[in-house]
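Okay, thanks everyone, I'll keep this short. Let me put the sequence and the structure up, and then I'll walk you through a few spots.

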Amino acid sequence: MTTLSIFDQSQPEKAHTVTENPERIRELLARHGVRYEQWPTKDLPADASQEDILEAYSKEVSKLREECGFQSADVISLNPDNPQKDAFRQKFLDEHTHSEDEIRFFVRGQGLFYLHFGNEVFAVLCQKNDLISVPDGTRHWFDMGPEPAFTCIRLFTNPEGWVADFTGEDIASRLPRYEALAGAAE
C-alpha cells in the first residue's frame, strides 16, 4: 500500500506523521507542488520492452507531454537479478535536484521517494498505479531497496532525460532506508 511518512530532519529516526490514505497523501504533497495520482495499469508481459511499455501508455504519456511540456520519456526497470542493482541503487540514494519537473508512473513494483521541504522530509512509498511528480529544484532522492523490483515511466522536460545536481548534503544517510520503511509492505 502506498504510504507517506513525514520526518523532521532534526529527529530522523521516527516519522511524526504516517498515512496510507491516498486523498490525504495527495493533499499533503500538493501543499508542496507535488502531483500525486493513482492511474490504472495495463497487463503487460514481464519482459515487455521499453517500446512496448511506452506504446501501451502512449495516450497517457501524450496527455502529460501536452499538459506539462515534457520532451522525453523513458522506462526504468530493475529486477533483483540485475548484476548492477547495487550500483543503480547507489546512484539515486544521494540528495539531488533537477532543473526541471520529473514525473514517474509506477507500472509495476514499488520504490521510495524522499522529498526534502525545509525542515521536513516526506518519504513516499510509491506502488504500482502511482504517479508522482518531483517539481524542479526540489531536493530529493530515491531508494529502490536492496532487491529492486519495479518498472516506471519517467518523463522530463529536458530532452537529455535524467540530469542530477547533487547537493552534497548527508540528509539521505540519516533517515530510515527502504528496508525500514518498505520492508513490511513487500
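So, let's begin at N129, which sits in the loop between β7 and β8. Strands here are DSSP E runs of at least two residues, helices are H or I runs of at least four, and both are numbered from the N terminus. Before I go on, the housekeeping: this is a predicted model, where local features need pLDDT of at least 70, side-chain atom pairs count only at pLDDT 80 or more, and totals for chains, interfaces and linings use all residues. Residues are numbered from 1 along each chain as its sequence is written, and side-chain values use heavy atoms, with hydrogens and water left out.

N129 isn't a glycine, yet it has a positive phi of about 95°. Most residues other than glycine have a negative phi. The cut-offs are under 20% relative accessible area for buried, over 50% for exposed, and partly exposed in between, with a 1.4 Å probe and protein chains only.

Next, helix α1, residues 22-30, where I25, L28 and L29 are buried. They're on the same side of α1, because they cover an arc of only 95° around the axis; that arc is taken from the directions from the helix axis to the C-beta atoms. And what do the buried residues of α1 pack against? Quite a list: β1 (3-8), β2 (17-19), β3 (36-38), β6 (102-117), β7 (120-127) and β8 (130-134). Contact, by the way, means heavy atoms within 4.5 Å.

Now over to S77, in strand β4, residues 72-78. S77 is at 39% relative accessibility, so this one is partly exposed too. Leaving aside neighbours within four places in sequence, S77 touches R108, F150 and T151. Its C-alpha is 9.6 Å from that of S49, which is 28 residues away along the chain.

Zooming out, the protein chain has 6 helices and 11 strands, and 47% of its 186 residues are buried. Of the contacts between residues at least 6 apart in sequence, 74% join residues at least 24 apart. For 186 residues, a compact globule would have a radius of gyration near 16 Å, and the chain agrees, at 16 Å. That's over C-alpha atoms, and the globule rule is 2.2 Å times the number of residues to the power 0.38.

That's my tour, so over to you.
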